[in-house]
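Student: Could we go through this structure together? I would like to begin with the terms.

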Amino acid sequence: MNKKIAWVTDTAALLDEKFIQDNQIYVLPLNIVFEEEVLRETVDMTHDEFYDKLRTTKTHPKTSQPVIGEVVTLYKSLKQQGYACAIAIHTSQHLSGTYLSAFTAAEQAQFEVYPIDSKIGSYPMMKMIELGQQLEREGVEPAQIVEKINELADHSELSFIPASLSQLHKSGRVSGTQAFLSNLLNIKVVISFDNGKVVMKEKVRAIAKAKAYVENLLNNDLESHIIPEVAVIHCNNEVGAINWKTTLERTYPLMTFQVLPLSACVGVHAGEGTLGLSWVRQPEPIAQKQQEKELVTI
């Protein structure tokens, strides 16, 4: 008899409400700290309210992981509901302590939990949940499901273009001089996830060149992997994301694109107006598929 698995994540994935309800996902909200006020993402404020507050606040907000007591309470509740275990997919441990806290909370709740470091955020986390639930329906045991999800994490990409370096400066990520010169010279940076760490990939003049750089990263992956879908991600810049999506659909007519907002926690650091792309490579390279096809033909 297969174990009844509870699926847990955090708001770094920023799943829409329909997906959460249809797939019975338990979501732990990340916190945004405005001076003395702690607000839970998607619970205590909408994204519109967050960006309104971000524009007017004098002190730049900070972000923090869910309170461990809330995680323990959730795990105890899942145990009482009859779940045998939980698979908890969290944002990169280099950005948040949520993943590591899951181990402590599971021990305190005396509940079996399989924490997963997604090494990323946003769209790929949703794809990990989709894969895991598909494997669950097929009767795969939790440990093997976790193994497959970890493989998917290694095939996930996310690159974004902060609207300006002003927010990164306020967050302490870049110096005031760098931010000033960037805004003065219209310099854009491209930031990507590399094995869970956020790294600066490129500096270019103008948003068009930054987009071209990100698209080139996608093209490089397309040379050796199948990528059926790409998410155009944004921080309160839906119009910009839709426009980019329209352009990409003309360039890649066989690929599916969708527009997704990024977590407000990303907005704290990257700023309103940020744009990016995210995708998941199919684990099996095209070259290997072609080789197998030739062997079958022979």
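Tutor: Contact here means heavy atoms within 4.5 Å. This is a predicted model, in which local features need pLDDT of at least 70 and side-chain atom pairs count only at pLDDT 80 or more, while totals for chains, interfaces and linings use all residues. Residues are numbered from 1 along each chain as its sequence is written, and side-chain values use heavy atoms, with hydrogens and water left out.

Student: With that in hand, what is Ser118 in contact with, leaving aside its neighbours within four places in sequence?

Tutor: Ser118 is in contact with Ile89, His90, Thr91, Ser92, Met125, Met128 and Ala153.

Student: And where is Ser118 found?

Tutor: Ser118 sits in the loop between strand E7 (113-117) and H5. Helices (H or I, at least four residues) and strands (E, at least two) are DSSP runs, numbered from the N terminus.

Student: Why does Ser118 count as buried?

Tutor: Ser118 counts as buried because its relative accessibility is 0%. Buried means under 20% relative accessible area, exposed over 50%, and partly exposed in between (1.4 Å probe, protein chains only).

Student: Which backbone oxygen lies 2.8 Å from a polar atom of the Ser118 side chain?

Tutor: That is the backbone oxygen of His90. The backbone oxygen of Ile120 lies 3.0 Å from a polar atom of the Ser118 side chain.

Student: What about Ser122: buried or exposed?

Tutor: Ser122 counts as buried, because its relative accessibility is 4%. Ser122 is also placed in the loop between E7 and H5. Not counting residues up to four places away in sequence, Ser122 touches Ala12, Ala13, Leu158, Ile233 and Leu262. The C-alpha atoms of Ser122 and Ala13 are separated by 4.1 Å, although these residues are 109 residues apart along the chain.

Student: Changing topic, what is the order of the six strands in the open sheet?

Tutor: The order is E10-E9-E8-E13-E11-E12, with mixed pairing. Two strands pair if DSSP finds at least two bridges between them. Strand E10 (197-205) and strand E12 (256-261) are the edge strands, each pairing on one side only.

Student: How many bridges join E8 to E13?

Tutor: Six bridges join strand E8 (residues 156-161) to strand E13 (residues 275-280), and the two run antiparallel. Ser156 has Val280 in E13 as its bridge partner, and Leu158 stands opposite Ser278 in E13. E11 is also antiparallel to E13, through five bridges; there, the bridge partner of Val230 is Trp279.

Student: How many residues of E13 are buried?

Tutor: Six of its six residues are buried. Leu275, Leu277 and Trp279 lie on one side, with Gly276, Ser278 and Val280 on the other. In a regular strand the side chains alternate between the two faces of the sheet.

Student: Now the nonpolar cores. How many residues has the largest one?

Tutor: The largest nonpolar core has 48 residues, and those with the most contacts inside it are Trp7, Leu15, Ile32, Phe50, Ile87, Ile89 and Ile149. Helix H5 (residues 123-137) supplies the largest share of this core, six residues. A second, separate core of 18 residues includes Ala210, Val230, Leu277 and Trp279. A nonpolar core is a set of buried Ala, Val, Leu, Ile, Met, Phe, Trp, Tyr and Cys residues joined through side-chain atoms within 4.5 Å.

Student: What does Ile32 contact, leaving aside its neighbours within four places in sequence?

Tutor: Among its contacts are Val38, Leu39, Met45, Phe50, Pro61 and Val268.

Student: There is a three-strand open sheet too; what is its order?

Tutor: That order is E4-E3-E5, and the pairing is antiparallel. Strand E4 (37-40) and strand E5 (62-64) each have a single partner strand, so one side of each is left without a neighbour in the sheet. Three bridges join strand E3 (residues 31-34) to E5, and Val33 has Lys62 as its bridge partner in E5.

Student: Finally, what is the mean pLDDT of the chain?

Tutor: The mean is 88, and 87% of the residues reach 70 or more; pLDDT is the predictor's confidence in each residue, from 0 to 100. Over residues 171-185 the pLDDT is below 50, and this stretch has 23 contacts in the model beyond near neighbours in sequence. Residues 286-298 also have pLDDT below 50, with eight such contacts.

Note on methods:
A polar contact is a pair of N or O atoms within 3.5 Å; within protein, one must be able to donate a hydrogen and the other to accept it, and residues adjacent in sequence count only if both atoms are side-chain atoms.
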